Structure formats: structure tokens, C-alpha cells
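Here are my notes on the model you passed along. Have it open while you read, and check each point against it as you go.

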Amino acid sequence: MTVVATPAAASRTAEPEPPRRRTVRFLSLSNVSLLFIWAILIVTFGLLAPDTFLTVDTFRTVLAGQAITAIMALALLMPIAAAQFDLSIAGSMGMGIVLVATFMSKLETGVATAMGLTLIVGVAIGLINAFIVVRLKVNSFIATLGTGSVLVAGIQWVTGGQQIVAGIPTTFTDLGRHEVFTIPLSVVYMFLIAGVMWYVLELRQTGRYLYAIGSNKEAARLAGVRVDRLTTIALVVSAVIATIAGIVFVMRIGSASLDAGTPYLLPAFAAAFLGATQFRQGNVNVLGTLVAVYVLATGVKGVQLIGAPFWVDDLFNGVALIIAVALAVRSGQQKALV
């Protein structure tokens, strides 16, 4: 007879780890290696390009420039924790960009109305993904790849193939360009989303159940976890956060590019998987994801400043994604996904 331990039973039987041992394990080289790599990158590029790399402007550029990438990476955490892909986040972000701009510039709705309607569409995208994955039992990789393509077609339909460069009110762009204590508001939004995601994934039962589903979906179901409901929530949250990334993009840029979401897909996956090798090895987590985003950004910025060609961004992120997935496989915790 097979005995399946429930999460609650496992927590009752597990021996608590002494605080000192837990601290030593957390600070071990394998657990925080990205922090050491980050320090090495800063020192290396600081020596190679001291006049341009070690400046406040470079720090601010990297911090603000990666806020949207970080939001997109955070959008992936819940689906990946539940062993699901969401390849439609680039389309969700792109749809968020064109819709919020269209509502304000062409339909002349107010800022709040435009943002509210755009977020409702984000929820609808997540529910459609969930219906295909949960009800129709289509693999999430295929399902979200398909919906992502549909969203690209929808973006072309909404805009007629034309970029939106006028009619966006300054009251809206001010929400992305202003600063709070010299920190750009886009970075503030990123930290707010990260805080909520950290609270849900690390401190709430929902987070523990999502990790349980990602570790062993059938065992989680037999233990009483509502797998379909949590998978639906994960995909809806993913689409909504990606839509928010689109809204923040228009706040910062002040215009709507039709294919603006696509370049964020690869860096977001690279950061999510690379972050899974840190702090909670084998499991995606908020802190690891944020560190991974800025380690990758530091590396890309550094090689740009020493005169690397323009294609180095894609090369850097592509190599990082391969290494990150390889490390995730070695950890043995995301086998169901990678």
C-alpha cells in the first residue's frame, strides 16, 4: 500500500533545523553563488571601465532599466512553481501596452479606467490559458505558445499595425517617470509586486501548495490540494502581472510599440530559472529571481561599456538560460518542468 504524506503531516514530523545550521546552509557558496558572481562582475568591469561602469548613472540605468524585466520574471514564478510554463507573457505584456495606450489615446478614457479595463483583459487572458491547460488538458507549453501567438494577432488587430505615439496623457507617464527618494517609480512598482509575491510564495499556504504541485502533482492531489484551482490562479496571476509590466512600460516610454513584449521573454525565463538555483535551490523564488535579473543586467552592461557588439544582450541571456536550466536539472527539483 502506498502511503502519501500530506503537507501538514510532513510539517509535523520534520525535525526543526537549528538556527545556526540553517544560517550556515543559507550562506553556503552553492546557495548564494550568484552574489559572489555579481561581486566579481562589478570588480572586473570596474577595473576594465572605471570611468563609465562605476558611476551613479550606470547604477541608476541598470536599476531602472531592468524593472520591467524583473516584473516579467516575477510573473513566471507561480506557474513555474506549479510546474507549468507560461510562454504567453510576452503577448500579455504586448496586449497590455497597446490596450492601455488605445483606451487613453483613441477612446479618450481616463487613466484609471484605461488601467482597470486593461487589467480585466489580463485576467481574461489568464482564465483562457487556465481553461486550455486545466480543462482541455493541453500541455501548458503548447497552450501558452498558442495563446501568445493569438495575442500577437490581437495586437495587430487592435492597432491596425500602427504604433501609438501620441495622445497618452502626461498624468499617466508621470506615474512611471517620477522618482521617490531618487528611486524611479517603475522600480518601486517592481519591489511592491516582489513583496506581494514573496509573501504569497513564502508565507502563505497557497505558496506551499504551489511548490507541492510542482514537486509531485499527483501526490499533492491525493493529499487534498486543489490542484486545478491553484493552477488556474497561477496562470491568471502570471497574465495579470505581465499585463502590469505592459502598463508600466507605457508609463516609462510614453508610446506603444507593437512588438515591445517579445524581447522580455528570454531574459525573464533566464532570470527565473537562474534564480531557482539560489536561496531555495531547485525552487523558483523571489529573492533569487531579483538577484538573477541584476546579475545578468550587470554583465550585459559591463560588456557593452567595454565595447562589445550590439548582439551581446541576446548572447548573454541565451547562454545564461542554458546554464540556468542545466543547474536547475542538477538540483533535481524541477524535473517535471525542465
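The points below cover a helix, a few single residues, the aromatic pairs and the salt bridges.

1. Ground rules. This is a predicted model, so local features need pLDDT of at least 70 and side-chain atom pairs count only at pLDDT 80 or more, while totals for chains, interfaces and linings use all residues. Residues are numbered from 1 along each chain as its sequence is written, and side-chain values use heavy atoms, with hydrogens and water left out.

2. Helix H5. A word on naming: helices (H or I, at least four residues) and strands (E, at least two) are DSSP runs, numbered from the N terminus. H5 covers residues 67–81, which makes 15 residues. The expected span of a helix is 1.5 Å times one less than its number of residues.

3. Where H5 sits. For H5, 15 of the 15 residues are buried, so the helix is largely enclosed by the rest of the structure. Take a look just after H5 too: Ala-83 has a positive phi of about 60°.

4. Val-248. You'll find Val-248 in helix H13 (residues 227–253). Its relative accessible area is 3%, so Val-248 is buried. What does Val-248 touch, leaving aside its neighbours within four places in sequence? With contact meaning heavy atoms within 4.5 Å, the list is Ile-68, Ile-71, Ser-186 and Tyr-189. Val-248 and Gly-96 are also worth a glance: 152 residues apart in sequence, they are 9.3 Å apart in space, C-alpha to C-alpha.

5. Ser-257. This one is in the loop between H13 and H14. Ser-257 has 18% relative accessibility, so it counts as buried. Setting aside neighbours within four places in sequence, Ser-257 is in contact with Ile-97 and Gln-163.

6. Aromatic pairs. A pair of aromatic rings is described by the distance of the centres and the angle of the planes. Rings of Phe, Tyr and Trp (its six-membered ring) pair if their centres lie within 6.5 Å; planes under 30 degrees apart count as stacked, over 60 as edge-to-face and the rest as tilted. The structure holds five aromatic pairs. One of them joins Phe-85 and Phe-269, with ring centres 5.8 Å apart and planes at 45°, so this pair is tilted. The two partners come from distant parts of the chain, 184 residues apart: Phe-85 is in the loop between H5 and helix H6 (89–105), and Phe-269 is in helix H14 (residues 265–275). Phe-85 counts as buried at 15% relative accessibility, and Phe-269 does too at 6%.

7. Phe-269 and Phe-273 are both buried. Ring pairs link Phe-85, Phe-141, Phe-269 and Phe-273 into a cluster.

8. How many salt bridges does the model have? The rule asks for a side-chain nitrogen of Lys or Arg within 4 Å of a carboxyl oxygen of Asp or Glu, and the count comes to three. In one of them the side chains of Glu-179 and Arg-60 meet at 2.4 Å, N to O. They tie together distant parts of the chain, 119 residues apart, with Glu-179 in strand E1 (residues 179–180) and Arg-60 in helix H4 (residues 56–65). Glu-179 is partly exposed at 41% relative accessibility, and Arg-60 is partly exposed at 28%.

9. The salt-bridge network. Glu-218, Arg-221 and Asp-228 are linked in a network of salt bridges. Glu-218 and Arg-221 have their closest N and O atoms 3.7 Å apart. Because they are three residues apart in helix H12 (residues 217–222), about one helical turn separates them. Arg-221 also bridges to Asp-228, with the closest N and O atoms 4.0 Å apart. Glu-218 is partly exposed at 43% relative accessibility, Arg-221 is partly exposed at 33%, and Asp-228 is partly exposed at 25%.

Key
Buried < 20%, exposed > 50% of the residue type's maximum accessible area, 1.4 Å probe, protein only.
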